[in-house]
There are 2 protein chains.
Amino acid sequence: MNDKFYALSEEKQNAIINAGFKVFAGNSYKKSPVNEIALEAGISKSLLFFYFKNKKELYLFLLKKCEEVTKQMLLESGAYKGNDIFEIMYRGLLAKASMIKRYPDMGNFSIKAYYEKDPEVANDVRKIIAPYTNMETNKILPPMDSSQFKEGLDLNMMYRDMYLASEGYLWQMQQTGIIDVDRMVADYKKIIEFWKSIYLK
Amino acid sequence: MNDKFYALSEEKQNAIINAGFKVFAGNSYKKSPVNEIALEAGISKSLLFFYFKNKKELYLFLLKKCEEVTKQMLLESGAYKGNDIFEIMYRGLLAKASMIKRYPDMGNFSIKAYYEKDPEVANDVRKIIAPYTNMETNKILPPMDSSQFKEGLDLNMMYRDMYLASEGYLWQMQQTGIIDVDRMVADYKKIIEFWKSIYLK
DNA sequence: TAGTTATTAACCGGAACGGTCAACAGGAGG
DNA sequence: CCTCCTGTTGACCGTTCCGGTTAATAACTA
């Protein structure tokens with residue numbers, strides 16, 4: 001890939017990246033025309049081929065970008081790990097929300113890439129995705145002080161319920177197409193308040 | 001469309017329908033080759049064009065099928081409407097799960113169709129989808145006897161949390177690719193037991 | 001065997017695609 | 001004004017793909 005790409009303004013870079021995410025998220029690798037990505041990004045196909053020597057390189061670049069951003073997000077969301085489970089969940093959603101705002105189609109792109117079967121890229125996709133599959137997810141109950149919760153509460157089930165509801169909420173939000181981070185934060189705060197009212201002593 | 005299609009065995013019909021759902025769910029209308037659908041269904045392209053006179057007809061047939069199945073499902077899941085909210089939710093998930101099992105890609109197909117912009121089909125899609133958008137969804141709290149729940153419980157928030165968690169669970173299940181209805185039922189029963197333990201008096 | 005039906009392989013014209021390249025625009029410096 | 005350099009593009013090419021047709025074959029029936 002051409003280093004000149006990094007000399008572009010951040011907006012221009014993001015425009016290209018998001019165009020790539022969008023088109024590759026909407027179609028399989030083979031059915032995603034480079035021209036469509038260029039048009040979406042507001043540049044010509046030739047220029048895109050100037051920055052990335054071919055379609056495969058562009059695709060794998062996007063996949064790496066995706067991994068990098070996700071890793072960064074997980075880091076951020078866990079940065080203030082404490083023993084307040086509600087705070088942790090709140091920060092987790094916040095990080096995800098801002099990620100969705102900056103790269104709206106990245107999530108769908110990564111899902112598509114995960115299931116990509118085209119022999120031209122499949123192997124490289126596995127190679128890039130492999131380490132990131134084993135990564136620490138937040139499906140596992142973080143350590144916490146159980147004394148503050150109501151007696152007899154099944155903490156694992158509580159966490160599972162909250163995790164599932166968060167996923168469901170994010171999914172529901174993404175279905176609408178418009179990501180309104182402010183509204184998401186407000187909604188989620190209310191949900192967390194509800195959880196506190198039923199789970200805490 | 002050719003009535004001979006209905007003379008086919010149910011398995012053959014479903015094979016064709018599911019092949020259509022799968023391919024159209026994975027790509028936009030224009031980028032979904034009829035040949036790929038035929039291959040996936042285990043028949044030749046010519047035969048598919050024998051049953052459906054062109055691509056558009058096949059697509060709209062699938063969309064109607066989708067609407068019909070969804071309507072049926074909503075009917076089933078609400079058939080035993082009582083005042084037991086947990087029972088209602090359980091039946092709801094059960095209906096959705098069995099629908100996913102029979103038509104694994106139907107959900108993604110309907111989402112794709114909803115956002116389809118190709119002028120060749122967009123108008124007809126709106127026409128078919130329109131009545132079904134206004135349909136009664138289960139996002140609204142059903143009437144229930146509040147005396148059995150814990151004092152001061154916000155029933156709307158409770159229902160919202162349960163609904164979101166159910167969506168999140170279904171989404172998570174569908175991501176795995178393998179729909180194991182038995183496991184889903186078992187999982188969901190445990191989740192509902194948990195809800196009962198925290199919400200009921 | 002003859003006739004009817006189910007199913008397909010081969011084909012066609014046109015469109016789309018990845019990738020290349022000569023050309024063009026515009027600014028910098030002489 | 002000319003010249004060089006850089007960023008950018010339209011036009012082009014060989015190939016593949018796609019929707020749809022049709023003539024031919026397979027399978028079944030009587």
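Q: In which helix of chain B does Lys65(B) have its place?
A: This is a predicted model, where local features need pLDDT of at least 70, side-chain atom pairs count only at pLDDT 80 or more, and totals for chains, interfaces and linings use all residues. Residues are numbered from 1 along each chain as its sequence is written, chains are lettered from A and ligands numbered from 1 in the order in which they are written, and side-chain values use heavy atoms, without hydrogens and water. Helices here are DSSP runs of H or I with at least four residues, strands are runs of E with at least two, and both are numbered from the N terminus. Lys65(B) sits in residues 55–78 of chain B, which form helix H5.

Q: Is Lys65(B) buried or exposed?
A: Buried means under 20% relative accessible area, exposed means over 50%, and partly exposed lies in between (1.4 Å probe, protein chains only). Lys65(B) has 17% relative accessibility, so this residue counts as buried.

Q: Which residues does Lys65(B) touch, leaving out those up to four places away in sequence?
A: A contact means heavy atoms within 4.5 Å. With that sequence limit, the partners of Lys65(B) are Ile17(B), Phe21(B) and Tyr103(B).

Q: How many helices does chain A have?
A: Chain A has 0 strands. From the N terminus on, its elements run α-α-α-α-α-α-α-α-α-α. The helix count of chain A is 10.

Q: What percentage of the residues in chain A is buried?
A: Chain A has 201 residues. Its C-alpha atoms fill a box of roughly 65 × 35 × 30 Å along the principal axes. The buried share of chain A is 48%.

Q: Which residues come closest to DNA strand C?
A: A residue is near a strand if one of its heavy atoms lies within 4 Å of it. By that rule, 15 residues surround DNA strand C. The closest are Pro33(A), Val34(A), Lys45(A), Lys55(A) and Ser46(B).

Q: Which residue has a side-chain N or O atom 2.4 Å from a base nitrogen of DNA strand C?
A: A polar contact is a pair of N or O atoms within 3.5 Å; within protein, one must be able to donate a hydrogen and the other to accept it, and residues adjacent in sequence count only if both atoms are side-chain atoms. Val34(A) uses a polar backbone atom, 3.0 Å from a phosphate oxygen of DNA strand C. The base nitrogen is approached by Ser46(B).

Q: Which helices each supply at least two residues of the surface near DNA strand D?
A: Among the nearest of the 15 residues around DNA strand D are Ser46(A) and Lys45(B). The helices asked for are H4 of chain A and H4 of chain B.
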